[in-house]
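Thanks for coming. I have one structure to go through today, so let me put it on the screen.

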Amino acid sequence: MRQDIELQGSGGPYLRSGQVAEQAGVNPQTLRYYERRGLIAEPARSPGGHRTYPPETVTLLTVIKAAQRLGFTLEEVAELIDTGRRGHSTPDLRERAQEKIAEVDARIADLTTIRRALSAVVSAGCDSLTHCTCPDCPLPFADLAAGRTREER
């Protein structure tokens with residue numbers, strides 16, 4: 001049951017905050033937070049004092065959440081949205097996307113290193129971070145905890 005609100009002189013239906021939040025897949029607190037941060041415009045008010053948003057707000061929230069999933073911080077999203085609002089094209093988006101790709105590649109490399117180390121722990125049969133009893137422990141923590149170097153083993 002859709003309860004769009006028609007504001008006098010607005011030229012279109014407006015949505016209440018709960019409707020916007022539900023349609024965009026965010027909670028109402030997120031909606032208000034994005035307002036305070038300037039990511040979305042402060043809403044109009046209905047004659048009864050309810051916050052009312054144009055339907056485009058749902059699209060904007062969806063874009064914000066998608067940008068976050070791509071690794072952009074809220075600050076970065078705000079800057080990109082602001083550039084777009086001023087009517088300028090955003091060639092900066094391409095540069096920022098390339099930077100995000102580099103960040104993702106670095107994280108993948110880190111995760112690959114972590115995966116290799118964990119696989120070595122599983123293969124060696126490690127049983128403790130500080131007192132491992134496996135014969136060829138790949139964990140440097142066991143040596144550090146015992147106060148010895150790997151060569152002293």
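I will start with the model as a whole, then go through the helices, the salt bridges and a loop.

This is a predicted model, so local features need pLDDT of at least 70, side-chain atom pairs count only at pLDDT 80 or more, and totals for chains, interfaces and linings use all residues. Residues are numbered from 1 along each chain as its sequence is written, and side-chain values use heavy atoms, with hydrogens and water left out.

First, confidence. pLDDT is the predictor's confidence in each residue, from 0 to 100. The chain has a mean pLDDT of 81, with 80% of its residues at 70 or more. Over residues 1-11 the pLDDT is below 50, although this stretch has 24 contacts in the model beyond near neighbours in sequence; a contact means heavy atoms within 4.5 Å. Where pLDDT is low, the predicted coordinates should not be read in detail.

Next, the layout. There are six helices and four strands, in the order β-β-α-α-β-β-α-α-α-α along the sequence. Helices (H or I, at least four residues) and strands (E, at least two) are DSSP runs, numbered from the N terminus. Of the 153 residues in the chain, 29% are buried. Buried means under 20% relative accessible area, exposed over 50%, and partly exposed in between, with a 1.4 Å probe and protein chains only.

Now helix α4, residues 74-85. How far should its 12 residues span at 1.5 Å a residue? The expected span is 1.5 Å times one less than the number of residues. That gives 16 Å, and the end C-alpha atoms are 16 Å apart, so the two agree. The buried residues of α4 are Leu74, Glu76, Val77, Ala78, Leu80 and Ile81.

Glu76 has a relative accessibility of 18%, so it counts as buried. Leaving aside neighbours within four places in sequence, Glu76 is in contact with Gly71, Arg96 and Lys100.

That leads to the salt bridges, meaning a side-chain nitrogen of Lys or Arg within 4 Å of a carboxyl oxygen of Asp or Glu. The whole structure has five. Glu76, Lys100 and Glu103 are linked in a network of them. Lys100 is buried at 7% relative accessible area, while Glu103 is partly exposed at 36%.

Arg96 forms a salt bridge with Glu79, at 2.5 Å between the closest N and O atoms. Arg96 is in helix α5 and Glu79 in helix α4, so this pair ties together parts 17 residues apart in sequence. Arg96 is buried, at 16%, and Glu79 is partly exposed, at 33%.

Another salt bridge joins the side chains of Glu35 and Arg51, at 2.5 Å, N to O. Glu35 sits in helix α2 (residues 28-37) and Arg51 in strand β4 (residues 51-53), so the pair ties together parts 16 residues apart in sequence. Both Glu35 and Arg51 are buried.

Last, the loop between α5 and α6 (140-146), where Cys126 is found. What does Cys126 touch, not counting residues up to four places away in sequence? The list is Val121, Cys132, Cys134, Cys137, Pro138 and Leu139. The C-alpha atoms of Cys126 and Pro138 are separated by 8.2 Å, with the two residues 12 apart along the chain.
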